[in-house]
Structures are given as C-alpha cells and as structure tokens.
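Please examine the sequence and the three-dimensional structure shown here.

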There are 2 protein chains.
Amino acid sequence: MAALNPPLTPRLVRPLRIVAIGDELLRGDRADSNSPWLAARLGALGWTPDGIQQLGDDGGALSEALARWREEGGCLILGGGLGPTPDDRTRELVAAALGVELAEDSRAARWIAEREERLGYKFSPLTHRQALLPRGALPLANPQGTAPGFWLPGSASEGFLLVLPGVPGEYRALCESLFPPASAGASAENWLLVGLGEDKLASLAADLPGREQLGSYPSFEGLRLRVPGGIDGEELARRLAPYLVSRTGESLEAVVMGELARRGQTLAVAESCTGGLLGARISRVPGASAVWLGGVLAYSNAVKRDLLGLSESLLQSEGAVSEAAARAMAAGARQRLGSDWSLSITGIAGPGGGVPGKPVGTLHLGLGKPDGSTEHRQHRAGWDRENNRRFAVLSALGLLWKALKEAP
Amino acid sequence: MAALNPPLTPRLVRPLRIVAIGDELLRGDRADSNSPWLAARLGALGWTPDGIQQLGDDGGALSEALARWREEGGCLILGGGLGPTPDDRTRELVAAALGVELAEDSRAARWIAEREERLGYKFSPLTHRQALLPRGALPLANPQGTAPGFWLPGSASEGFLLVLPGVPGEYRALCESLFPPASAGASAENWLLVGLGEDKLASLAADLPGREQLGSYPSFEGLRLRVPGGIDGEELARRLAPYLVSRTGESLEAVVMGELARRGQTLAVAESCTGGLLGARISRVPGASAVWLGGVLAYSNAVKRDLLGLSESLLQSEGAVSEAAARAMAAGARQRLGSDWSLSITGIAGPGGGVPGKPVGTLHLGLGKPDGSTEHRQHRAGWDRENNRRFAVLSALGLLWKALKEAP
C-alpha cells in the first residue's frame, strides 16, 4: 500500500490555502478540525497558511477556489467530498475546473480491490467509483479508508493541488505521510506535565528568560507545554521536575506502562463511576498486554462485593463513594487479578446522585502497591459528568506515575 | 447597556459569509470555534452561510473580503481584531476599505467609561481607543468585555457588515442579542442509524424525492442523517427501519439503556481488546446505574479464566480471539454479574498481534440473552488500533439494539 504513494516531496509555495468541504461545516453541525490540525503541522515546518476556508457541497465556491488556484498558483489543499455518495462531488468539480475528464486510475482501482480482498467482503459499485480521478492526477493511498486522495502539480512545477478525504483519521494519516514531522533541533519541544495548573506554572517560570514564549495547553491528557528552542530547557526541567512526565510528548499512560514494563510489573484496575474509561485509556497503548491484566467494572454495589470482595458492612457504613471503598477496591483488584499494582476510582460523576457531604464531583482514587499497602487521593471536581470522569482517570494515572517516580 | 444596542433586526440576505480574524487561527494554535457556533445558530433560523473563512491579522485578505462584500452585497460577519493592542486592526481596515475615517463614537465612549466606573479601576488609553469606529457605523454594546462591536447597513438597505470581538464569550453574547433563538418547526431532523453504510443508504433512498438534500455523516457513534423538512420522513423511516435507532439525535447507548430500563432488565459486559471502551460508552448515559451492573476487563487470559470462567481447553484450542471465546465471555459476564443481558468483545486491535488466520482487525462479539442463549457477530476491521476498538464498541451496541428490537 505504501508503495502506491508517489515520492511526493511537496514543494510548498505561496499562497498556501487550506479548504475544507462539507455542508455540515457551514451548518455548524460539525467544526472543521482538519484544517487547524494541518495548519499546526505545517506551522512546525515553518509554514503558515494564507487562509483557511470552509465551503459547501454545492460546488460553486469550490469551483471559484480552484479557478483562483489556477490563476494565482501556489498550493491548495482540499479536504472532503471524496466519499462514495452522490453529494461527494470533489472529484467531478476538480476535473471540470481543470478541464479534464474523470477516468479510472488503475493504481487506485487495484488498491481498492486489494482492500476489498483483505477485508473479505464485496464493496458496492459506488465504492469502486472512488478510483475515478481527474486525468493527470496522481493517486495517494489512503491507509484508513477506501477513498484515495490525489494530487496534481501546479503550473511551471511550482506548488500543487492536493485533494484529501475529509474523514479526520484518513485526512491526518495521509497528511502524516506527505508532510514529515518537524525536524528536531530548532523546533520547540512538546512537554507533558501532571498535577500542576497554569497559574502554578506561571509562578514557577516567572523569572525564566523567554518565559513569555512558553505555550501551555491544559487538557484531561495532562498539561501540554510548548518549549521553544530559545528557552533554557534544563533549568525549566529542574523547576518542573515533580510534574514533568515527558519531554517528547509521550502520553502519561505510555510513560507509566513503559516504566512498569521495564520493571516487569503488572497492573489491574477497578472502576466504578468511570465505567471503563481508565482501562480504555491504558489499553490505548499498543502492547499494553505485557503489563495490564485487566480489571473489574464495579458499577453496582453487588459487583463491588462479589468480584472485588468489599464487605457489606463497609458499603453500608462508609458508602461506595468513600476513601475506605477506594482502598478496598484497589486491594481487591490487585488480589483478584494477581497484579503488582492496581488503581481504583469511585465517585459521583453527576449530573444527579449527590447527597449531603458527598456532592456531585466527589472522587476517591485508590492505589494498590506491590507491598500490599494502599494510597488514597480525593477530589471535588467541578466539570460536567464526562469531564469529571476524564479528570478522575487523569488523576489516577498521575497517582501511579508519582508512586513509580518515588519508588524507583 | 442593553439600551445602547440599536434596534437591529438583521435582514439576512445572500451571500452570507462568516470570517474569523487572527494569526493564531492560521497557525493552528487555536481552532475557530466562533464560526461553527454562529453557523449552527443561524442554521436554526433557516440560514446556512455560503462560506466560512479564517484570515490572518496582516490585513490583505481582510481588505479583499471587505471589497468583495461592497461589490456583491449580502451579509458579512467579521469576528476578531477589535481588542486594544496594535495587532488589532479590524477597525482601521474596515474604515479604509469603506473609504471613511475613524472617529470616536460618543455612545461607545460613554459605555466604556461607564464600564470603567462600574469595575472601579482605570482603563488604559488603549482601551479607550476602542470607542473609535468607522464613521457611519452603529456601535453594539458588548456585555462581556470592553470592545464594542459595530455594524453598517449594506447598500440599498440590503444586507449588512457586522463586526464582532473575537473572544468567544463576547462574540456569542453579542450574537445572542442580535440573532434570536430558532423557533421550532421547519428545521431538519437529526436521525441516527446503525448497521448500514452510506452506499446502502444511497441505494435505499435512490428514488425518494428530495434525497439529494439528505446529509449523511458516518462515525463510530453510528451514521448520522440530517433529514430536512422537505423529505417524506415517514416513507424514509419505513425504508430505513432495520437500521433506524432514533429520529431525535439520541445516541445509540442512550436508546439501548432506555429500552432496558423500560423493561426492568440489566446489562453486564466483558471486554478484552476494547479494554473498557464499551463500559465507558455505556456509562456516559446519566443514570446508567439503573441498568448497567458493570463488567470484567479480561485483557489477559488468566482473567478470562478466573473471572469469566473460560476453560483452559477452550483458550488452548480456539484461542482468546474466537467465536467460542466471545460466546463464553458473554455467558460468563451474564452469569458472574447476574445480569439479564451481556455483551462481550475480543479481538486483535493492532498494530501488532496478528497471526495466520487471525489478522489484525479480527473482532468477535458476543451477546448473552435473558434465556441463557448467546449470539455472535464477527468482523474484519481495517482501521488503526483506536478506530478498530471504537468500531467494535459500535457494533456490539448495535448487536444488542437489534436483539432488543427483534424481541419486543
């Protein structure tokens, strides 16, 4: 499949325009996430687009954008409208704007047929239509779907027209193969921190030369920090050491799983209010099975009792959302699954379910350690249901990360 | 403050263009969330913009957009570049493009002074500069900040130019005062389908009058279908009945959980390769605890054996990724957790782990039913690890939805 991608070394020339196509973008049913993603990727290569646009499926505005590209040159990157249905008209519109006909591209046809064979069922004729490309276009293999992308060099071999499927996973996979990641060196580093907020970060970095160039981006994956080359990275790393998970953008879960793999130790989980979100995040890491055994989703009290061994008296006296329950869940998961480490989460994610003394957002996290002891951490989160759950997962992974750091 | 807003009843005429201004939008540091938000609000009023654009601070592209508006008429809504700093040049650029001078607007100046007094501290002279407006513009009070918006009627009293601050809270507050919320009625329905692709949809709807107005959006939440008022919804619903989950946009998991709650029945899960993603999706539904008991994350074979009761001989002869394992996992979860229904997922999500006969993407799903029988479904998914997992969750929920539909 990779062999199909021509050796495109896109020569970026100005003006550089990014266009996303789809009526849903104009109706506000969906925001265009592809274009800002690509802009950031190109930005890391030193290129900022001259404009980004969202256009509808009707074709008028797209034809105008294509005519403009033919006239002014430069690079035009189109995303969307390559699917199999009749409202996917980008192929036709590009062919019409360039004054060429649509014809089946044999490489694209072969690639679709190979995918069909690999997946073991028949695609519809509409799907096979996706091998039709404007004559002269070079197909680009789509590693994530059936619609090939394609590109055309610009006039005087300056610039190009690049046409990509709009489905975000497909768009990004193709762009990743076309535009190499920024080279190391001059470019900024992408750090990940846990357990500190932007205000604390600001005070820790307050007198660091160049601190105004730091870019910080909080999320439930952790606090991302963009550290440009001009900053003294070693000094900053010293100050942020208690929170610094990675200086390469590696995720919190990948760092934790890598460390456990290095030690030859295993992990199990017990989740109540997060319902699987912690396990889902841990198992995002390819090869997680070397470390992660699995866990128990103990949503009901009966499951906490029967599969994790919580006593009826504990559930009655302390309640399922309590420090005692979190510790017992962690201990139970570690014991029942036979792991070295364990994490547990219990809480009231909302919107309902709050009681006096245990308001919505109450979270109790437990950590089971190789020596059989447990640790506990408690929060009162103030987001909505889904974000309270995401925060609980982040904090639980942070708890384990910290324990691993402190017990080398 | 509200009294400052002129009685603007914006007369929307075509073409309607939305433009967001800011270098950070082109660099991909921030995505433009204002424009899709406004598009959705206007869409509910029956208006879809003809295009959305993100432009930089440098002014060239904005001047071009303004010249185009003067030439073609219609409505142009600009957001951004009204702040107090020197890179906020929208006021100047609008004045230049319209050939008028910038002058202090007494209403805007009074409003800024009132805000200063209310907040009890002195604004900088830069902030007061925000009262400068292109001559002829009508100021719009900003309930959330210091920069007033403004508008200008178009030529021949058709259309307008509306200029708004780019800070999302300010942008939205001003739009909310200008564009009333949609009245119910004519707007489109948001359907959700499972188990059919866009090509099948196209053939089922092929001869339906107005079918070209249908908008379909596949995702791992299901296939969303926008059904405008002009379509015969009853006829379409008849044709799509085997796949039609909701006509209100209600999610697949919410529909399934609602149906189980209606029946007073319960659900448990057993997950291997999805590692908690199914449970996480089920427990997104507020109040899930009425139906969902929990489950077992059986990532390792030992957990499949110890907590779900799979026999060593089954694991040896059939393997953990097999129809037999999926059925046994479903039966085990149902039995161990004491639920009426159960779902199981086992598979090879990738990128590694494929073996001859069981390539990456092989998925086996199991369904445990109240009568103790099991059903099975099998796939070969062709995405990357995370999307193969998402697809497995979608298909498992679809399997349960179908079974509930067939056993009313």
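The model is a predicted one.

One partner is strand β3, residues 75–79, with which β1(A) pairs in the parallel sense over five bridges. Within this pairing, A20(A) has G79(A) of β3(A) as its bridge partner. The other partner is strand β2, residues 51–55, again in the parallel sense and over five bridges. Here V19(A) stands opposite Q53(A) in β2(A).

The contact between the two chains can be considered next. It takes 61 residues from chain A and 60 residues from chain B. The area buried between chain B and chain A is about 4,800 Å², and carbon and sulfur atoms give 56% of that area.

Strand β14 of chain B, residues 292–298, gives the most to the side of chain B that touches chain A, with seven residues. The number of salt bridges between chain B and chain A is two. In one salt bridge, the side chains of E64(A) and R68(B) meet at 2.8 Å, N to O.

A network of salt bridges links R17(A), R68(A), E72(A) and E64(B). Two other members, R68(A) and E72(A), meet through their side chains in a salt bridge of 3.3 Å, N to O. Both residues lie in helix α3 of chain A, residues 60–72, where they are four residues apart, about one turn of the helix. R68(A) has 31% relative accessibility and counts as partly exposed; E72(A), at 33%, also counts as partly exposed.

Over all chains, the count of salt bridges comes to 52. In chain B, R14(B) forms one with D50(B), the closest N and O atoms being 3.0 Å apart. R14(B) lies in the segment before β1 (16–21) of chain B, and D50(B) lies in the loop between α2 (34–44) and β2 (51–55) of that chain, so the pair ties together parts that are 36 residues apart in sequence. R14(B) is partly exposed at 43% relative accessibility, and D50(B) is partly exposed with a relative accessible area of 26%. R305(B) and E312(B) form another salt bridge, in which the closest N and O atoms are 3.0 Å apart. R305(B) counts as partly exposed at 34% relative accessibility, as does E312(B) with a relative accessible area of 37%.

Is V163(B) buried or exposed? At 0% relative accessibility, V163(B) counts as buried. Its place is in strand β8 of chain B, residues 160–164. Apart from its neighbours within four places in sequence, V163(B) is in contact with L78(B), L82(B), T90(B), V94(B), G149(B) and F150(B). By contrast, the C-alpha atoms of V163(B) and G294(B) are separated by 52 Å, the two residues being 131 residues apart along the chain.

The cysteines complete this reading. A disulfide is a covalent bond between the sulfur atoms of two cysteines. With a cut-off of 2.5 Å between cysteine sulfur atoms, the count over all chains comes to zero disulfides. C273(A) counts as buried at 6% relative accessibility, and C273(B) counts as buried at 6% relative accessibility.

How values were computed: Residues numbered from 1 in each chain as written. Chains lettered and ligands numbered in written order. Predicted model: local features only at pLDDT ≥ 70, side-chain atom pairs only at ≥ 80, totals over all residues. Heavy atoms only, no water. Pairing = 2+ DSSP bridges. Helix = DSSP H or I, 4+ residues; strand = E, 2+ residues; numbered from the N terminus. Buried < 20%, exposed > 50% of the residue type's maximum accessible area, 1.4 Å probe, protein only. Contact = heavy atoms within 4.5 Å. Buried area = accessible area lost by both parts, 1.4 Å probe. Salt bridge = Lys/Arg side-chain N within 4 Å of Asp/Glu carboxyl O.
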